[in-house]
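Please work through the following exercises with the sequence and the model at hand.

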Amino acid sequence: MDKKKLLISELAKITGVSIRTIRYYTEMGLLPPISSKGRYTYYSDEYVTRIRFVQKLKESFLPLKVIRLSIDQITISEMEKILKQDLSVDHISESDSEGL
């Protein structure tokens, strides 16, 4: 991902979660604390990756407390790698089912 800064509304739109959810994830420790400068708070691409990773783990019915412990054990690059692998597996599954 490139190094752009996003407003919370843009982050919500890109990740498909609500602004309230983003704030809740921050309170729960699933997202790093926000450092705001001036009037607006900007979020990096790291937040996009972390939110997508949390959503992927939630699809496995893991509780948020377990996800928080898991997310603290891996790096952003590891999360990106897992998400990329998972997307390619989903893509293969979809293309296989189209041939049936």
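The model is predicted: local features need pLDDT of at least 70, side-chain atom pairs count only at pLDDT 80 or more, and totals for chains, interfaces and linings use all residues. Residues are numbered from 1 along each chain as its sequence is written, and side-chain values use heavy atoms, with hydrogens and water left out.

**Exercise 1.** Determine how α3 and α4 pack.

Solution. Helices are DSSP runs (H or I, at least four residues), numbered from the N terminus. The axes of α3 (residues 45-59) and α4 (residues 64-71) are 10 Å apart, at an angle of about 130°. Next, list the contacts (heavy atoms within 4.5 Å): Arg50, Phe53, Val54, Leu57 and Lys58 in α3 meet Leu64, Ile67, Ser70 and Ile71 in α4. These residues divide into 6 nonpolar, 1 polar and 2 charged.

**Exercise 2.** Is Leu11 buried or exposed, and which residues does Leu11 contact?

Solution. Leu11 lies in helix α1 (residues 8-15). Its relative accessible area is 0%, so Leu11 is buried (under 20%; exposed is over 50%). Beyond neighbours within four places in sequence, Leu11 contacts Leu6, Ile22, Tyr43, Tyr47, Val48 and Ile51. For Ile22, the C-alpha to C-alpha distance from Leu11 is 8.5 Å, at a separation of 11 residues in sequence.

**Exercise 3.** Classify Thr26 by its relative accessibility.

Solution. Thr26 belongs to helix α2 (residues 19-28). Its relative accessibility is 19%, so Thr26 counts as buried. Leaving out residues up to four places away in sequence, Thr26 touches Leu31, Pro32, Pro33 and Ile34.

Methods:
Axes fitted to C-alpha atoms, helices over the stretch in contact; angles between N-to-C directions. Helix = DSSP H or I, 4+ residues; strand = E, 2+ residues; numbered from the N terminus. Nonpolar A, V, L, I, M, F, W, Y, C, P; charged D, E, K, R; others polar. Buried < 20%, exposed > 50% of the residue type's maximum accessible area, 1.4 Å probe, protein only.
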